[in-house]
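The sequence and the structure come first, and the description follows.

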Amino acid sequence: ASLLDSSSLCKPHRHVYYRLRSNLSFRLARCFTLVIKSRLVSLGFPRGFINLNSETYGYLTWEWRAGIRGFTYPLFFAFLYKILHLLNYDSVHLLIWLPRVAQALLAAFADVKFFSLIRTLEKPDVARWTFFCHLCSWFSWFCCTRTLTNSTETSLTCLALCYFPLPGSKTHSSKKYLLLAALAVIVRPTALIVWFPLLIYHFCQEEHKLRLITQNYVPIGTLALVVSALIDCLFYKKWTLVQWNFLKFNVLHGVADFYGSHPWHWYFTQGFPVVIGPHLPLFLHGCALAFRKYKILLGAVVWTVVVYSFLPHKEFRFIYPVLPFCMVFCGTSLAHLKAWCRAATTVLVVSNSVLALYTGLIHQRGVLDVMDPVQALCDVSRNSSVPQPDVLFLMPCHSTPFYSHVHCPLKMRFLECPPDLGDEGHVDEADRFYDDPLLWLRTSFPYKSSLPTHLVLFDVLEKEIATFLQGNGFKRKEEIFHTHAPEGRVGGSIFIYERH
């Protein structure tokens with residue numbers, strides 16, 4: 001709380017930097033790993049094969065089968081999981097929380113380095129207001145400890161920016177920033193969109209252009225590509241260039257459109273205003289004040305938003321990496337408000353706290369909460385004298401974190417929805433089910449012996465399949481809150497039915 005105390009920030013504080021530095025890592029690791037109880041996207045949870053014991057279980061999504069996901073990023077979590085396994089501490093709770101703690105520590109370290117950078121570029125008041133805005137951001141609270149590639153991309157971008165040749169920077173190192181930027185691209189290839197204008201800017205400002213290309217750009221880019229390709233080839237067991245596959249499927253073949261499309265102006269009218277949140281007026285004011293000094297950062301923000309606007313499939317998290325850039329302008333604005341300092345900071349703290357707490361603790365939390373009773377079925381599955389649990393999720397595909405929150409060979413299944421990649425006999429199981437739920441259930445389970453023991457579904461589906469539930473002896477076992485804003489196939493509550 002002392003870090004966000006507006007009254008103390010509005011007064012000169014000789015040791016504010018040291019207090020922020022010493023408390024930031026602990027505050028992020030303690031608060032953020034405990035706060036995030038909601039869902040952003042199911043891809044934010046480590047999924048795939050979990051081979052820590054003698055059995056192999058888990059689920060690989062179509063992205064892994066198509067070779068558009070790299071192994072470098074999940075390899076880090078696999079390393080943590082392996083350590084837990086060797087120490088015999090691989091409990092389900094540690095498997096869930098350790099990646100979040102690791103992500104929180106990375107985000108905390110990146111934030112401290114970001115503050116150190118701004119402190120070398122700006123006056124003390126602008127530096128501390130920039131950092132204050134960065135800490136206040138509700139979207140950063142919401143995303144930074146999630147195991148999304150976008151979160152790691154953002155942290156690596158912050159770290160790389162510390163060594164980028166910004167005007168007035170005293171920590172410039174071409175090799176360091178290029179290695180970190182290359183790592184960001186390995187983790188998520190679209191990081192190149194953010195870094196493209198920055199790389200062009202550096203090239204234009206550099207006196208020894210040929211040396212920059214031959215001794216930095218080409219060697220580091222080649223090294224990153226080779227290391228990434230070797231790791232992926234080792235695990236895919238064939239030659240695979242993930243970056244090319246990512247571009248081919250998502251951009252050239254438009255496979256990403258399968259998961260929804262938005263109008264070209266979505267980022268300008270909805271995406272960017274939501275991500276920056278209550279900071280938007282300060283950002284616009286700061287752009288007017290610091291346009292000349294930080295035109296490259298503003299250019300990178302505009303470029304990124306414009307390029308993503310050309311892609312039909314749009315999500316808030318895609319533009320998360322440029323959010324720290326925006327905070328520089330917000331901090332500049334706050335430093336010039338003077339008399340309005342306390343009022344502005346109070347509004348920022350209150351509004352961002354409400355958004356962060358609601359979206360982190362309440363909104364769409366049901367798909368995580370439902371995994372607790374599902375995971376409890378693992379105890380039953382170990383008892384060979386009783387019927388083995390069989391769980392069917394009748395929900396939009398990838399609604400839950402699935403095996404990453406179970407950690408046992410429990411028999412589970414959900415409605416699959418892979419895009420049409422030209423394979424013969426392609427079927428979107430989720431769409432076929434929602435077209436006629438009763439027909440799908442009757443044809444999929446013609447005999448009572450083939451029925452699952454448990455069904456997990458949103459409340460909006462209950463009436464449509466009521467006759468199936470009653471006719472086959474399913475009784476509602478639990479009701480779990482999910483959201484105050486149900487929409488379409490996603491209801492406000494989740495029901496667990498058990499067959500008797």
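Which residue of S7 does Phe-474 stand opposite? The residue in S7 is Arg-499.

## Overview

The model is predicted. Its chain holds 23 helices and seven strands. Of the 500 residues in the chain, 54% are buried. Among contacts with a separation of 6 or more, 74% are between residues 24 or more positions apart.

## The five-stranded sheet

Five strands form an open sheet in the order S4-S3-S5-S7-S6, and the pairing is mixed. Strand S4 (411-414) and S6 are the edge strands, each pairing on one side only. On average, neighbouring strands of this sheet are turned by 20° against each other, direction ignored. Strands of a sheet pair through backbone hydrogen bonds, either parallel or antiparallel.

## Strand S7 and its neighbours

Strand S7 covers residues 493-499, and five of its seven residues are buried, so the strand is largely enclosed by the rest of the structure. In the strand order, S7 stands between S5 and S6. Strand S5 (residues 454-458) runs antiparallel to S7 and is joined to it by five bridges. Strand S6 (residues 474-481) also runs antiparallel to S7, with seven bridges joining the two.

Ile-496 of S7 has a partner on either side of the strand. Val-456 is paired with Ile-496 by a bridge, and Glu-478 stands opposite Ile-496 as well. Elsewhere in S7, Arg-499 is the residue opposite Phe-474.

## Helices H15 and H16

Helix H15 (residues 295-309) and helix H16 (residues 323-337) have axes that come within 9 Å and cross at roughly 135°. The two helices are therefore oblique to each other, and their crossing is left-handed.

On the H15 side, the contact is made by Leu-297, Leu-298, Ala-300 and Val-301. The H16 side supplies Phe-325, Cys-326, Val-328 and Phe-329. By class, this contact has eight nonpolar residues, with no polar and no charged ones.

## Helices H6 and H17

How are H6 and H17 oriented to each other, given an angle of about 25°? Helix H6 (residues 124-136) packs against helix H17 (residues 341-361) with the axes 9 Å apart, and at that angle the two are therefore roughly parallel. The cut-off behind this description is an angle under 35 degrees.

From H6, the residues Trp-129, Phe-132, Cys-133 and Cys-136 meet Cys-341, Thr-345, Leu-348, Val-349 and Asn-352 of H17. Sorted by class, the contact of H6 with H17 has seven nonpolar and two polar residues, and no charged ones.

Val-275 lies in helix H13 (residues 266-276). Is this residue buried or exposed? At 1% relative accessibility, Val-275 counts as buried, because buried means under 20% relative accessible area.

Leaving aside residues up to four places away in sequence, Val-275 touches Trp-138, Phe-139, Phe-316, Ile-319 and Leu-323. One of these, Leu-323, belongs to the residue range of H16. The C-alpha atom of Val-275 is separated by 8.6 Å from that of Ser-140, although the two residues are 135 residues apart along the chain.

Note on methods: Residues numbered from 1 in each chain as written. Predicted model: local features only at pLDDT ≥ 70, side-chain atom pairs only at ≥ 80, totals over all residues. Heavy atoms only, no water. Axes fitted to C-alpha atoms, helices over the stretch in contact; angles between N-to-C directions. Helix = DSSP H or I, 4+ residues; strand = E, 2+ residues; numbered from the N terminus. Parallel < 35°, antiparallel > 145°, perpendicular 65-115°, else oblique. Left-handed = near helix turned anticlockwise from the far one by under 90°. Contact = heavy atoms within 4.5 Å. Nonpolar A, V, L, I, M, F, W, Y, C, P; charged D, E, K, R; others polar. Buried < 20%, exposed > 50% of the residue type's maximum accessible area, 1.4 Å probe, protein only. Pairing = 2+ DSSP bridges.
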